[in-house]
Amino acid sequence: MNADLSRRHPAGREENPLPLPFAERELPAGRHRFHKERLMAQIHEDLRAADAHPGMTAPAPARTARPRQLFLNRAFLVPAAAFALAGALAAGFLTYVDRGAADGRGSTIATGPAMTTRIGTADDGKGTPQLLDRISLAAASTGGGAKVRADQFIYIGSKTATTYVKSTGDKNTLVSEELHMRHQWNSPDGRDGWLIEPGNTGPKGMTLGGKNEKGETPTPYLNAPSYDYLAGLPTDPDVLLKKIYEETRGMGRAPDQEAFTTIGDLLRSSYPPAELTAALYKTAAKIPGVVVVDDAVDAAGRHGIAVARLDETSGQREEWIFDRQTLTYLGERVVQVQGEAGEGGLIKPGTVVATTAVMTRTVVDRMKEIPPSAG
């Protein structure tokens with residue numbers, strides 16, 4: 001199944017064994033799996049560090065709230081005692097600096113206790129269907145999302161970062177990850193895959209294949225799809241929207257926002273066939289409350305026009321960003337635009353809760369093969 005979800009939904013509470021969103025929101029099972037994966041990766045790193053330095057004391061457990069990421073298909077049952085091995089993440093000073101880091105020469109790295117932005121102006125939504133229709137036509141004309149052979153792999157290379165509340169004892173701190181590259185591979189049937197993401201996996205990465213905690217091979221579904229699953233989805237916008245509402249019923253706090261988020265996850269973190277991509281945009285136009293934002297910036301610093309929807313429960317606006325001229329999808333960000341969120345109200349308006357820029361999305365012949373276009 002596809003893996004990503006450089007994503008979002010921060011702030012949990014102390015009694016929750018896994019991180020939950022800033023806005024309290026039920027996560028489907030597929031999304032919880034990523035948090036387990038991320039925690040296990042941290043646990044493994046701590047275990048390796050402890051083996052290398054036998055006298056070193058493991059760090060005290062810290063309450064962290066991390067955004068969700070979607071489309072990981074491997075799940076673990078995490079022993080309660082293992083949580084004590086999860087280390088605290090360090091915070092830095094907010095800045096954008098030019099570094100010749102692993103992202104490539106001249107990469108832009110975001111660090112600090114918060115990422116902030118100018119909040120773009122949203123229209124009244126009347127022009128949204130026309131814009132999404134143009135985006136749909138552009139997506140269909142590019143011929144993207146070509147068929148994938150069973151022996152090939154879908155590669156997605158993206159820049160991403162999130163902002164979240166870390167709670168240690170009685171102290172809450174706003175923390176932003178460094179902007180970093182994530183490299184993700186998935187087989188068309190979703191049964192095999194690999195992820196390399198600094199801070200969340202070791203240098204060599206981690207497998208996305210395998211069975212779940214019940215010893216079963218996971219079955220693809222809307223919030224944890226494979227390419228083959230996506231190829232079988234309906235492309236009639238009305239039929240597709242009905243399916244999305246039905247399969248996400250009871251998730252989140254508002255059906256319309258959950259439907260918008262689900263489509264956004266598919267656009268950002270999967271490789272839909274061209275016909276489905278075009279249909280997803282037309283489907284989004286049918287969701288109430290979808291608007292156009294005059295300016296938004298993705299994680300690579302590219303400005304564009306955005307299709308967005310405000311989650312009135314959290315005050316956060318999810319923005320899909322497109323190139324103004326070509327209407328090519330660039331990435332996504334989630335911005336706090338109303339009120340405050342997070343424990344202690346640390347998430348202020350203008351805070352970028354999550355940001356992603358899709359740099360390369362293509363088909364490769366081998367797992368772990370990084371195409372030249374990925375830099």
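Predicted model: local features only at pLDDT ≥ 70, side-chain atom pairs only at ≥ 80, totals over all residues.

Reader: How many helices and strands does the protein chain have, and what share of its residues is buried?

Author: The protein chain has six helices and 13 strands. Of its 375 residues, 56% are buried. The protein chain exposes about 15,800 Å², and carbon and sulfur atoms supply 54% of that area. Among contacts with a separation of 6 or more, 67% are between residues 24 or more positions apart.

Reader: Which strands are joined to β6 by bridges?

Author: Strand β4 (residues 153–168) runs antiparallel to β6, and seven bridges join the two. β7 is also antiparallel to β6, with four bridges between them. W185 of β6 shows both pairings: Y155 stands opposite W185, and in β7 the bridge partner of W185 is W194. β6 and β7 form a hairpin with six residues between them, and G190 in the turn has a positive phi of about 80 degrees.

Reader: What sits over the ring of W194?

Author: The charged end of K368 sits over that ring, 3.9 Å from the centre.

Reader: Where is E197, and is E197 buried or exposed?

Author: E197 is placed in the loop between β7 (193–196) and β8 (206–207). Its relative accessible area is 1%, so E197 counts as buried. The C-alpha atoms of E197 and H183 are separated by 6.4 Å, and the two residues are 14 residues apart along the chain.

Reader: Why is strand β9 described as largely enclosed?

Author: Seven of the eight residues of β9 (residues 290–297) are buried, so the rest of the structure largely encloses this strand. β9 pairs with strand β10 (residues 303–311) in the antiparallel sense over six bridges, and V292 stands opposite V307 in β10. Five residues lie between the strands of this hairpin, where G301 takes a positive phi near 85 degrees.

Reader: How should I read a helix, and which residues of α6 are buried?

Author: An α-helix has 3.6 residues a turn, so residues three or four places apart point the same way. In helix α6 (residues 274–284), nine of the eleven residues are buried, so this helix is largely enclosed by the rest of the structure. The buried residues are A274, L276, T277, A278, A279, L280, Y281, T283 and A284.

Reader: What is Y281 in contact with, leaving aside its neighbours within four places in sequence?

Author: With those neighbours left aside, Y281 is in contact with L132, I135, S136, A139, L267, F322 and Y329. The C-alpha atoms of Y281 and L267 are 9.1 Å apart, for residues 14 positions apart along the chain. Y281 has 4% relative accessibility and therefore counts as buried.

Reader: How is a pair of aromatic rings described, and how many aromatic pairs does the structure hold?

Author: A pair of aromatic rings is described by the distance of the centres and the angle of the planes. The structure holds five aromatic pairs. Y227 and Y271 form a tilted pair, 6.3 Å centre to centre with 40 degrees between the planes. This pair links distant parts of the chain, 44 residues apart: Y227 is in helix α3 (residues 227–231), and Y271 is in the loop between α5 (255–269) and α6. Both Y227 and Y271 are buried.

The rings of Y281 and F322 have centres 5.6 Å apart and planes at 70 degrees, so this pair is edge-to-face. Y281 lies in helix α6 and F322 in strand β11 (residues 316–322), so the pair ties together parts 41 residues apart in sequence. F322 is buried, with a relative accessible area of 0%.

Reader: Which residues do ring pairs link into a cluster?

Author: Ring pairs link Y281, F322 and Y329 into a cluster.

Technical notes: Residues numbered from 1 in each chain as written. Heavy atoms only, no water. Buried < 20%, exposed > 50% of the residue type's maximum accessible area, 1.4 Å probe, protein only. Pairing = 2+ DSSP bridges. Contact = heavy atoms within 4.5 Å. Areas by Shrake-Rupley, 256 points an atom, 1.4 Å probe, with all protein chains shown as cover. Phe/Tyr/Trp six-rings, centres within 6.5 Å; stacked < 30°, edge-to-face > 60°. Lys NZ or Arg CZ within 6 Å of the ring centre and 35° of its normal.
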